[in-house]
Amino acid sequence: MIRIPIIRIKEESQTTQIRLHHARRRGWLEMRWPRAPAAATAAAAAALWGEPASGASIWGVGKPQGHVEVRDVLPTPAEFFTEYVRPKDGPFAGVGKPVLFRGAAKRMPAYEKWTDEYLREKHGSVRMDQVETEKAETRTKYPHEDWTLEKFIDNYNTSEIYSTAQTPEGLSDDVYLLPCVNCGGFHSKMATTVTWFSSGSTRSVIHSDAQQNLHCMFDGRKDWILWSPTSKINSPRMGWVHAEEESKTNPAFKDAYGQYVGHIDVDDVDLKKYPGWGKLSWWNLTLQKGDCAYIPPRWFHFVEAPAQRSLSVHVWFDVGKSFKSDGCETLRQRGLNLSDYLIRLSDCQWGFGEKTRKPTKCKVKKPLSKSDEL
């Protein structure tokens with residue numbers, strides 16, 4: 001008979017405290033780590049004691065590795081490139097290293113300003129080019145493409161709508177690039193910025209993105225599961241689908257689009273049919289209000305948010321193979337501090353993307369002074 005450990009969980013503002021009791025081992029073990037969903041914590045705790053976690057949600061299968069690295073101080077641009085974007089040594093070499101920058105969004109104007117009242121009054125007329133009609137992503141329903149922000153705010157608390165719009169004009173004045181990408185060659189291949197806005201209870205499919213991602217949370221919380229690109233999730237044996245091809249033989253995928261894990265129920269993972277999910281190592285990442293995170297390209301991920309107002313902005317970008325120090329020296333010669341918030345999203349002429357490889361160019365126009373920072 002297998003004895004499952006008794007697990008007691010207490011969630012605090014930034015950490016989760018867990019206590020385990022195992023009858024056979026006759027003792028309690030107490031640990032703390034960055035806050036994560038209770039299911040993730042239970043799975044990690046059970047794994048540490050060599051026991052299977054109860055339940056079969058996506059949070060309860062596989063081999064949890066704990067929370068990604070958390071930093072309270074942002075790295076320099078050079079450190080960011082060598083330690084996270086292009087690490088040459090260690091377990092993250094060749095795939096990039098996810099990291100949470102705690103409190104990094106608190107110094108941006110959006111953190112204080114972006115209430116519904118402010119957004120409606122100051123930016124209500126701006127257009128939103130993509131408003132999803134479902135908060136639990138299925139990739140079978142197409143979005144609204146021409147809403148105003150005012151219309152969205154008037155409806156999002158009483159419906160399933162979810163903004164995945166490019167950051168509208170005006171709002172981009174309130175969001176800064178993180179100082180770790182102030183220079184070094186990051187700007188030229190910045191592709192787009194997206195504003196994620198909902199009343200919470202959102203849930204993604206398991207997928208991966210081809211570009212680098214810097215994601216900053218201005219309200220609410222998002223819980224991520226991250227799997228390395230080396231996990232080979234993008235194969236039929238893991239339930240991966242090419243939706244357009246799948247739809248030719250499977251009516252359930254009619255009108256579906258994109259590539260993602262389409263044959264897995266994240267609430268009840270079928271380990272008999274897809275045993276590989278029980279063997280995968282994964283990391284959790286809890287993004288709270290005021291935090292930012294870096295997600296390297298091609299990392300598979302699942303993201304969900306609790307039932308509360310949720311508002312975040314991310315920047316997708318590519319990078320070259322080497323760090324370009326010339327731009328950093330130019331900023332220093334102008335008397336600018338590379339650790340300051342120097343560049344707003346609106347200070348960039350966005351050009352790089354799918355349709356054109358024209359470099360994106362950014363200029364320092366309104367750096368945050370110390371008196372502006374929180």
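Lys-232 sits out in the open: with a relative accessible area of 54%, this residue is exposed. The model here is a predicted one. Lys-232 belongs to the loop between strand S13 (221–227) and strand S14 (240–242), and its backbone has a positive phi of about 55°, although the residue is not a glycine.

Arg-298 shows a positive phi too, of about 70°, and again the residue is not a glycine. This arginine is found in the loop that runs between strand S17 (292–295) and strand S18 (300–304). Arg-298 comes out at 45% relative accessibility and counts as partly exposed, since the partly exposed class covers what lies between the buried limit of 20% and the exposed limit of 50%.

Arg-298 also turns up in a positive surface patch, together with Arg-86, Lys-189, Lys-321, Lys-324 and Arg-357. Within that group, Lys-321 is exposed, at a relative accessible area of 80%. Lys-321 is carried by the loop between strand S19 (310–317) and helix H7 (326–333).

Searching the whole structure gives 16 salt bridges. One of them links Glu-137 to Arg-139, with 2.8 Å between the closest N and O atoms. The two ends of this pair fall into separate classes: Glu-137 is partly exposed at 27% relative accessibility, while Arg-139 is buried at 12%, because buried means under 20%.

Asp-223 and Arg-221 make another salt bridge, at 2.9 Å from N to O. Arg-344 is buried with a relative accessible area of 13%, and Asp-347 is buried at 3%. Elsewhere, salt bridges with shared partners tie Asp-116, Asp-219 and Arg-309 into one network.

The side chains of Thr-164 and Gln-130 are joined by a polar contact of 2.9 Å. Thr-164 is part of strand S10 (residues 162–166) and is buried, having a relative accessible area of 11%.

Notes:
Residues are numbered from 1 along each chain as its sequence is written. Side-chain values use heavy atoms; hydrogens and water are left out. Patches are made of residues with over 30% relative accessible area and no salt bridge: like charges are joined within 9 Å, nonpolar side chains (Val, Leu, Ile, Met, Phe, Trp, Tyr) within 5 Å. Accessible areas come from the Shrake-Rupley method with a 1.4 Å probe; for residues, only the protein chains shown count as cover. A salt bridge is a side-chain nitrogen of Lys or Arg within 4 Å of a carboxyl oxygen of Asp or Glu. Lys and Arg count as positive and Asp and Glu as negative; His and the chain ends are not counted. The place of a charge is taken as NZ of Lys, CZ of Arg, CG of Asp or CD of Glu. Helices (H or I, at least four residues) and strands (E, at least two) are DSSP runs, numbered from the N terminus. Buried means under 20% relative accessible area, exposed over 50%, partly exposed in between (1.4 Å probe, protein chains only). A polar contact is a pair of N or O atoms within 3.5 Å; within protein, one must be able to donate a hydrogen and the other to accept it, and residues adjacent in sequence count only if both atoms are side-chain atoms.
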